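This briefing sets out the main features of the structure shown below. The points are grouped by topic.

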Amino acid sequence: MDIGLPHTIQGAGGGGYGSFANGDAVSGASHAENGTASISEGGGAAGLQLMEGGSVRAMSAEEERLWNVVGANSLDFDAWVTLIDETEKVAEGNILKIRRVYDAFLAEFPLCYGYWKKYAEHEAPGSTEKAVEVYEHAVQAVTYSVDIWLHYCRFAINKYEDPDIIRRLFERGLAYVGTDYLSYSLWDEYIEFEYKHQEWSRLAMIYTRIFENPILYFDKYYSSFKELAANRPLSELRTADEAAAAAASLVSEASDNVTEGEVPSDAVEQSSKPVSAGLTEAEELEKYIAIREEMYKKAKEFDSKIVGFETAIGRPYFHVKPLNAAELENWHNYLNFIEKEDDFSKVVKLYERCLIACANYPEYWMRYVKCMEMRGSMDLAENALVRATQVFVKRQPEIHLFAAWFKEHNGDISGARAAYELVHTEISPGLLEAIIKHANMERRLGNLEDALSIYEQAIAIEKGKEHSQTLPVLFAQYARFLYMAPGKEEKARNILMEAPEHVQLSKPFLEAMISMETMLPLPKRIEYVDTLVEKFIVPNPDNPNSASMAEREELSSILLEFLDLVGDAKFVKKAYDRHLKTFINRTSAILKKRLGEDLSSDKSKLAKADPAATSPAQSLAGAYPSAQNQWTAGYAVQPQAWPPVAPAPVQQWNPSYTQPAAAYGGYGTTYPQTSAPVPQAGTYANYQPTTYPAQVYPQQQSYAQPAAVSAPVAAAAATPQVSTVPQAYYGSYY
């Protein structure tokens with residue numbers, strides 16, 4: 001079955017490490033014959049000079065400024081729109097300027113079908129062939145868009161006289177989008193085309209095909225079909241194939257000696273007569289209509305199941321504005337429903353529709369890849385992964401981490417390493433999750449020294465940074481990794497001993513040190529750990545500490561538990577005395593507050609009691625409420641020497657690289673978007689979530705709807721932020 005694989009368009013500035021599984025990749029920014037220019041690594045106008053006949057074309061000052069803006073940030077949609085407007089104003093018929101700006105823009109935002117249309121309109125007056133070339137690139141970039149096929153077909157109707165050329169184009173488009181619930185506009189255009197040519201049999205066949213799947217305004221098409229059938233004879237409604245089949249049926253009934261499939265030469269001529277014994281032409285027409293009515297009813301049943309999902313889709317096209325949480329959840333629910341249907345084509349086409357509106361949400365790409373993999377269609381899985389990593393979410397590290405995981409588990413180790421290297425060097429250097437996952441992969445492959453080298457290189461880089469937020473966690477993770485490696489326990493301890501020379505003491509780091517020291521073999525370095533914790537919980541002018549009182553008290557409690565487990569009485573007493581001295585005032589204030597709340601609560605309960613129902617014993621207790629309740633409450637809230645350890649709060653990703661992990665249960669990292677998070681429950685449980693302290697990444701461009709855009713523009717959505725649930729610092733690694 002030919003589902004149709006959208007071609008890959010390599011965006012400007014996007015790194016790639018995978019090969020396109022099916023078909024050649026089409027570069028939206030490398031058509032030399034179109035005068036295309038791409039954005040150089042350095043950005044700015046210098047990397048975007050337009051060459052013509054060996055000379056550099058002059059640019060206006062505003063053009064040069066805008067090229068510099070998009071060169072510095074190629075995701076600045078508003079700047080691109082302004083640049084296109086400026087170029088169109090000053091081009092004065094210079095098609096090379098037009099080609100350059102549209103090719104560069106559409107390399108970044110290939111799903112903006114309105115701009116493909118505008119580009120083709122610029123080319124059409126000078127060259128129909130060039131306009132066709134633009135439309136061909138457009139349908140490769142946004143294959144499952146009804147709108148781009150509609151514009152292409154209208155263009156063909158205006159440019160070509162041969163109806164068969166136009167029909168072939170309609171059929172190409174409908175093969176991809178004909179079952180789209182919003183494909184009515186393309187079907188209407190096709191119906192109008194055949195009506196003008198009075199091709200009644202073709203028109204009847206179009207209606208028959210529509211009845212196979214529900215679309216918007218479905219009842220309108222059934223009414224139009226019945227009107228057509230009422231006004232045209234059956235012989236005009238049947239196609240040649242249908243007429244031949246009817247003739248074959250007649251001959252078969254007439255003679256049992258005719259081999260099945262052989263049709264007499266005059267059978268087609270007889271097909272206008274009744275094809276079944278005893279049936280008049282009116283009865284045959286009724287039978288013809290009844291067959292299509294059954295198709296219509298069956299499709300209406302399916303329509304009742306999906307109409308709720310379809311009406312909840314507020315924006316089916318691609319745009320730079322984020323989708324709201326309800327719409328994102330609706331897509332997940334719709335996909336859940338359609339995956340249960342035994343129709344692979346419907347599954348693929350709904351995913352492709354979804355990935356027009358949700359193209360900048362990595363969890364949908366990951367879900368698509370996993371769905372295709374589980375259904376045994378690795379070509380579609382790899383195609384989707386290439387498009388995600390090279391075009392639509394190519395700057396978001398989590399899609400590359402997913403790609404590394406996917407490639408490793410499918411035996412492409414070199415591809416997995418390349419994905420990690422791309423994150424390390426270009427996408428997000430120093431990303432803690434990438435370092436840990438890369439090292440873990442090398443360990444699984446038996447390359448322990450390579451795994452250790454990954455940590456050591458990362459630590460060396462972070463040491464060169466001032467006030468690195470990653471370095472303390474790297475030390476802790478590296479020590480834990482070493483502890484799990486055979487024969488590396490002592491090295492793990494030495495790593496933690498070295499760390500305080502390079503990092504500022506913090507609660508997560510000291511908590512990690514205490515945990516590691518608990519697991520490491522004897523002798524325990526109790527005095528060293530106690531000294532570090534004391535520096536943290538008892539700050540002085542020479543050792544400033546920005547930690548809150550609650551954090552310091554909690555760490556002191558953790559130390560008390562540790563010393564009670566492995567220390568002697570001397571260290572336990574020392575730590576306990578320090579804890580009381582440092583936090584006694586805070587504890588007393590908390591006790592007084594709780595005692596006051598308890599007394600107030602008890603008094604209110606007594607005030608509400610029914611006097612008539614009070615027993616003598618209860619009356620006696622009520623006469624001395626304060627004494628009795630103070631005794632009980634006082635003991636109920638006595639401070640414990642070792643309070644329960646609360647989980648350390650998880651620090652979130654930078655908003656540039658966050659997204660709702662729960663939306664894709666099987667691959668649960670945090671993902672980058674700016675809209676509200678959507679809680680989701682997935683079944684893709686092979687990729688385990690981890691959460692790490694926040695790191696600083698380059699900020700993504702926030703987009704706004706440009707006032708100057710006249711055509712509907714669909715482009716990359718920004719990213720929903722994740723709301724993480726506090727958990728233990730060590731997460732799933734311990």
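**Overview**

Of the 734 residues in the protein, 50% are buried (buried means under 20% relative accessible area, exposed over 50% and partly exposed in between, with a 1.4 Å probe and protein chains only). The model is predicted, so local features need pLDDT of at least 70 and side-chain atom pairs count only at pLDDT 80 or more, while totals for chains, interfaces and linings use all residues. Residues are numbered from 1 along each chain as its sequence is written, and side-chain values use heavy atoms, with hydrogens and water left out.

**Overall fold**

- The secondary structure comprises 30 helices and two strands (DSSP runs numbered from the N terminus: helices are H or I with at least four residues, strands E with at least two).
- Among contacts with a separation of 6 or more, 66% join residues 24 or more positions apart (contact means heavy atoms within 4.5 Å).

**Helix α5**

- The 14 residues of helix α5 (residues 128-141) should span 20 Å at 1.5 Å a residue, and the end C-alpha atoms are 20 Å apart, which agrees (the expected span is 1.5 Å times one less than the number of residues).
- Helix α5 is mostly covered, with 11 of its 14 residues buried; among them are Lys-130, Glu-133, Tyr-135 and His-137.
- The cover over the buried residues of α5 includes α3 (95-108), α4 (113-123), α6 (146-159) and α7 (163-177).

**Cavities**

- The structure holds eight cavities of 30 Å³ or more (on a 1 Å grid over the protein atoms alone, a cavity is a set of points where a 1.4 Å probe fits but cannot get out, and lining residues have an atom within 4 Å of a point).
- The largest cavity has a volume of about 230 Å³ (the space filled by probe spheres set on the points, with grid points joined across faces, edges and corners).
- Of the 17 residues lining the largest cavity, Thr-179, Asp-180, Tyr-334, Lys-346 and Arg-353 are the closest to its centre.
- The largest share of this lining, four residues, comes from α16.

**Loop geometry**

- The peptide bond from Leu-522 to Pro-523 is cis, with omega near 0 degrees, and Pro-523 lies in the loop between α25 (507-519) and α26 (526-537).
- Gln-198, in the loop between α8 (184-196) and α9 (200-210), is a residue other than glycine with a positive phi, near 50 degrees. Gln-198 counts as exposed because its relative accessibility is 54%.
- His-467 is not a glycine, yet has a positive phi of about 55 degrees. His-467 lies in the loop between α22 (448-463) and α23 (471-484) and is exposed, with a relative accessible area of 63%.

Methods: 1 Å grid on protein atoms, 1.4 Å probe; cavity = no way out; pocket = protein on both sides within 12 Å on 5 of 7 lines; lining within 4 Å.
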